[in-house]
Amino acid sequence: MLKSIGFDEGNREAIATLASFAFGAFGYIIPLQLTGFNLASITVLAGGLGVGIGFGLQELTKNLTSGLTLLVERKLKVGDFIEFEQTKGYIWEISIRSTTIRTVDGAELIVPNTILTSNRVQNWHYTDSRIRVIVPVGVAYGTDALIVTEILMQSAYMSGEIAFNPLPKVIFNGFGDSALNFELWVWVEKVEQAVFLRSSLHFIIEHNLRHRAITIPFPQGELWLHNTDSFEAVKEQDQEIVKPSKPLSLKEMLLGDFCSRR
């Protein structure tokens, strides 16, 4: 019914969960009232037990409160892609005690609600599911920067997975140790598509640069040696110490080994 009205997945899950708890509570209270059971008689007993239960079930009470907070506040909804404590995944289910998260590896992670309400959580779907993808590119010194910009823009439009709002941009970061450093900024509609878009852009950019005979340099360094004459003298001394003055024959080596043992 909620789907036919037009509610999204997060709203449907929150309304359905809260409604199920409300109907469950009324399902216990109304039959007791109809049978003539006086609920006021157990109020004092429930109050006394509530103190002891509260101390013994503090964690459960916190998780229950956090679960209601998540469902009512709706900062995190079913279907959102979140990241916390080096974990990434989609919210699969929000219950009163815990939340089920389906990670990018396909595992289902059961997380207590207090962890999501008391720690920093990055919600990639809170207001907008789009994400910016940055592809760094370094080219050799002497390359025309305008040609590199043209190639990167063409590469972005050759990929059919980018979003055109905002439009792709090329940033000239500066002069590195061995390369001119550029960055290609593009946007993708969903965060889970970012890794595939980045890989696709790598293939396209490498092909276009190679087709235009533009090289991607690797880090290089220079080694300067001073007082090489002293190094040569030390090397000759080492050779004189190691190298024997006269090579020994097999007979002499055997006789020398026999005499040393006697």
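## Basis of the report

In this predicted model, local features need pLDDT of at least 70, side-chain atom pairs count only at pLDDT 80 or more, and totals for chains, interfaces and linings use all residues. Residues are numbered from 1 along each chain as its sequence is written, and side-chain values use heavy atoms, with hydrogens and water left out.

## Aromatic pairs

Phe 81 is buried at 4% relative accessibility, whereas Tyr 90 is partly exposed at 25% (buried is under 20% relative accessible area, exposed over 50%, partly exposed in between, with a 1.4 Å probe and protein chains only).

Phe 172 and Phe 182 are stacked, because their ring centres are 4.5 Å apart and their planes lie at 10°. This pair links strand E7 (residues 169-175) with strand E8 (residues 180-188), its members being 10 residues apart; strands are DSSP runs of at least two residues, numbered from the N terminus. Phe 172 is partly exposed, at 38%, and Phe 182 is buried, at 2%. Ring pairs also bring Phe 175 into a cluster with Phe 172 and Phe 182.

## Charges over rings

A charge sits over a ring if NZ of Lys or CZ of Arg is within 6 Å of the ring centre and within 35 degrees of the ring normal. The charged end of Arg 102 sits over the ring of Trp 92, 5.6 Å from its centre. For Arg 132, the charged end sits over the ring of Trp 185, 4.2 Å from its centre.

Conventions: Phe/Tyr/Trp six-rings, centres within 6.5 Å; stacked < 30°, edge-to-face > 60°. Helix = DSSP H or I, 4+ residues; strand = E, 2+ residues; numbered from the N terminus.
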